[in-house]
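Here is a short report on a structure with several chains. Please read it with the model open beside you.

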Amino acid sequence: MKETPLSNCERDFVLLAVREKKRLDGRQTYDYRKVRIAFGTEYGCCVVELGKTRVLAQVSCELVSPKPSRPSEGVLFFNLELSPMASPGFEQGRQSEMAIEMNRLLERCLRSSRSVDTESLCVISGEKVWQVRTDIHALNHDGNIMDAAVIAANAALAHFRRPDVTVQGEEVTLYSVEDRDPVPLTIHHMPLTTTFAFFHEGSRLLVDPTRLEERVMEGRLLVAMNKHRELCALQASGGIRLLQDQVLRCSHVASVKVLELTEIIQRALENDVQARKEGRCCGLAESLPVQRVTVACAHDAVVNNEEARRRADEVVKCAEEPADTEGAVYHRGPHTAQVGEGLVNSWVVDDNEPKSEEEQEEAMDDGDLEGVKVENEEVEELSDDSVVILETQHRAPNVVQLSDGSEEDEVIILSGKDLMNVSSDWSRVPLSVPPC
Amino acid sequence: MAGVELLSDQGYRVDGRRASELRRVQCRLGVLGQADGSALLQLGNTRALAVVSGPHEIRGSKSKALHDRAVVNCQYSMATFSTAERKRRPHGDRKSIEMSLHLRQTFETAILTQLFPRSQIDIFVQILKSDGGNYCVCVNAATMALVDAGIPLQDYVCACSVGFVDETPLVDVCYAEEAAGGPVMAVALLPRSEQVAFLSLDSRLHEDHLSGVMKAATVACRDLHAVLSRIVKETLQEATAGE
Amino acid sequence: MGAPKLDSPSEGCVEFFVNCSANASLKFEGRGGDELATMITNALHRAFNNSSCVPRQNMCIVPGQHCWILYVDVLILEYGGNMLDTASLAVKAALHDTRIPKVEVSKNEEGISEIELSDNPFDCTQLDTTNVPCFVTLNKIGKQFVVDATPEEEACCLAKLLLALRSDGTLTAFLKEGTSSLDPESIFEMVQVGQRVGKEMHFALDDSLTKQENLTCKDKIGFLG
């Protein structure tokens, strides 16, 4: 499914908000959305929420033979999946350009910066090494999947434990989790990305854009950095022109953000370790916030609208009297009527076209209760395809007027008395037309 | 990082250059007669052929057309024989698609696309010989091809890669320096306004060194711009003198 | 490029790979050029990959274990008709220019052969290309036929005859392509013309190759010359 295009007024609205340094969710320019990290019961499984954006990372490993060019190094593999689950705009199966770019960025960010010690993943040089595979799935897309994915990948890698192995001569023994405690990976550092979105030809920038902001932005700069203030990857893309000091400023902001994020990840990891030690329940289901109904009734929120009302009164006072317009309804033919005296209705060619039999019958036995019922149904019919829905007749309790006096012989006027009779039976009449 | 000394004590690099020295640039415009614009550019041992066609009607599905500007379409491919180890596929792998995407993003900023609504500009770049700095050579070659095709540009787009070894930025890194695993930054610059059209960095670099590396890249791009514009002028002079 | 081999253990192999790049023509973008590329690859493979054309026996190092594999990559830069003939000429020239390094094979006490590459990069053998064929494509247009067709001529050609010819005029491969039929008599005539053209082509190519060789290093020109 193709993504629905953004309407111009939405675009203008967001751009205006950015210009006035306001964001729709009340954040400041350099603020991240709320980051929440939850770990699964298994090692190496982690869900990261960044506002409404949510990604899942799962690390797994297996023994493989190494690449011939690097016989004593383990293999790291990253895969970011953008499935239609996250957003209907993502296609199933085939990788889009965006997905490929993100995958490459992940690789560049985590693999080329050597965040994980690959040499410690070697079992027998040239024969057996660990392949550590990180699969990241986007569960919900509300902008800035990249940052969330990188956080998830880092957290999952840090959380992961691989089975222990021992080598005796040529023999490799693989211990199951029950036999021996699995060992964590050696993590050198945590490269985290900060995404900057640029607006108004690079004059405005935002950190952690939401989906709406992402769709409006002109370009973005991605800075990957670790807490030692080392840049691990840098990528400006999307057709913006930047000045050198803009880049430097961004890297400065990123260094602050990365410290905060590292702190959050570390704390989440510690909490998880603590929870496991104490034997508390852990896992994704546990970590989801429980939404319970705690009150039985809803209280009305008190809204002070004095000011608004006063201003409205002022406006009304100042306003000119609207020109007198007559809300006359002209009946132009069967199923066709016109409000006011605008252009001549061209829908009906012959003004003196004979009425349908049903209607004529109806005109004959007016006053009859049956007739009113029929008429009510007639109104329903009319409302389906006539130009003007003649609802006014219900509002005026005294006179039900289907057509205007211009066509004298068609006039159906029910007296107030008749209607009173009807109104007692009103509830019995199957009414699909809303009474007002 | 083992073994090779990338920067000797005397300040020379593995191929005998100084730290801020570019490799030799050779370029010829209009090498292919059929295309609207073409250029063959060689930077040291890296050689790229760029072909530009357009602006022309959108090919394929018309839904790609943009009502207010031209679509820029890039394809990057590497000849199977361009690297020391034979490549299996010339294009279509992740790296080539990423490179195509980067090229497209770079040139979308530089080409005055708003002048050609509902049309398409194709840029095809082929690496014939690879010795480091593929992205940069591609950008420079594509710029020259665009100039040859007469497509209005904001400015020349000059790209240069910069490495960083022993506290010194190394300009225009070759394959040996790239493969050593140090940080490499590729910058595409519009030299007149000194605006960065594209930026990418691999591997670790301390933030404090960022400004130094960027400055070196800016200077290198400006040098390249001087060389490229001289080549264009010479080509023009030859063409007009011939008539 | 030493590697084991297939059903002919005492010969080297030649692998062809043709790539129609998007540079050559807009219609080759993406996967557009694959069909033409496969056609040329197959034709080249049929004509070249037998020991009577390329001296494959010389490319064997240890029978059944090691041999040279020649990868011939053809990259089409610009499309101006008559792709196959041009490609085959280029292949012949490239094979002529190919040097295969000399290797020493010695057997150690366990009977496992060790291969030692000569340290001198100039210590190598040149491939013998006297028997390497070239393609001549004859295009039938209406009642006439033409050689070296332009794209326009190719567009209105109904049938093609692909001949692979050695420099002495011997036919090594023969292929008919296209939708229309050919009269046996006209085929004979076409082959004769093809032989004449093929000989001329070989002669011209050999001539320019020898000229190239006689140039000193300084005069050698590349693409950028």
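At which residues of chain B does UniProt place the feature "domain: Exoribonuclease phosphorolytic"? The UniProt record, an unreviewed entry, puts this feature at residues 21-152 and 155-218 of chain B. UniProt positions follow the numbering used here, feature names are shortened, and annotations may be inferred rather than shown by experiment. In residues 155-218 of chain B, the end C-alpha atoms lie 15 Å apart. That span is 27% helix and 48% strand.

This is a predicted model: local features need pLDDT of at least 70, side-chain atom pairs count only at pLDDT 80 or more, and totals for chains, interfaces and linings use all residues. Residues are numbered from 1 along each chain as its sequence is written, while chains are lettered from A and ligands numbered from 1 in the order in which they are written.

**A sheet in chain B**

Helices (H or I, at least four residues) and strands (E, at least two) are DSSP runs, numbered from the N terminus. Five strands of chain B form an open sheet with mixed pairing, in the order β1-β2-β3-β5-β4. Two strands pair if DSSP finds at least two bridges between them. β1 (25-29) and β4 (71-78) of chain B stand at the edges. Each has a single partner strand, so one side of each is left without a neighbour in the sheet. Neighbouring strands of this sheet are turned by 15° against each other on average, direction ignored.

β1(B) runs antiparallel to β2 (residues 37-43) of chain B, and five bridges join them. B:Arg28 stands opposite B:Leu40 in β2(B). α1(B) lies across β4 and β5 (119-129) of chain B, at about 140° to β4(B). Axes are lines fitted to C-alpha atoms, for helices over the stretch in contact, and angles run from 0 to 180 degrees between N-to-C directions.

Two residues are in contact if their C-beta atoms, placed from the backbone, lie within 7 Å. For the residue classes, Ala, Val, Leu, Ile, Met, Phe, Trp, Tyr, Cys and Pro count as nonpolar, Asp, Glu, Lys and Arg as charged, and the others, Gly among them, as polar.

| Side of chain B | Contacts | Classes of the chain B residues |
|---|---|---|
| touching chain A | 27 residues of chain B, 29 residues of chain A | twelve nonpolar, eight polar, seven charged |
| touching chain C | 19 residues of chain B, 15 residues of chain C | eight nonpolar, eight polar, three charged |

On the side that touches chain A, the elements giving two or more residues are α1 (94-110), β8 (184-190), β9 (195-206) and α4 (207-242) of chain B. β9(B) gives the most, with twelve residues. β9(B) also pairs with strand β14 (residues 230-237) of chain A, antiparallel, over six bridges. There, A:Leu234 has B:Leu201 as its bridge partner.

On the side that touches chain C, the elements giving two or more residues are β1, β2, β3 (46-57), β4 and β5 of chain B.

**A look at chain A**

Chain A has eleven helices and 18 strands. Of its 436 residues, 31% are buried (20 or more other C-beta atoms, placed from the backbone, within 10 Å of the residue's own; exposed means 12 or fewer, partly exposed in between). Among contacts in chain A with a separation of 6 or more, 67% join residues 24 or more positions apart.

Take A:Ala99, in helix α2 (residues 97-111) of chain A. A:Ala99 counts as partly exposed because it has 19 C-beta neighbours inside 10 Å. Leaving out residues up to four places away in sequence, A:Ala99 touches A:Leu80 and A:Leu82. A:Leu82 is 17 residues from A:Ala99 along the chain, yet their C-alpha atoms are separated by 6.6 Å.
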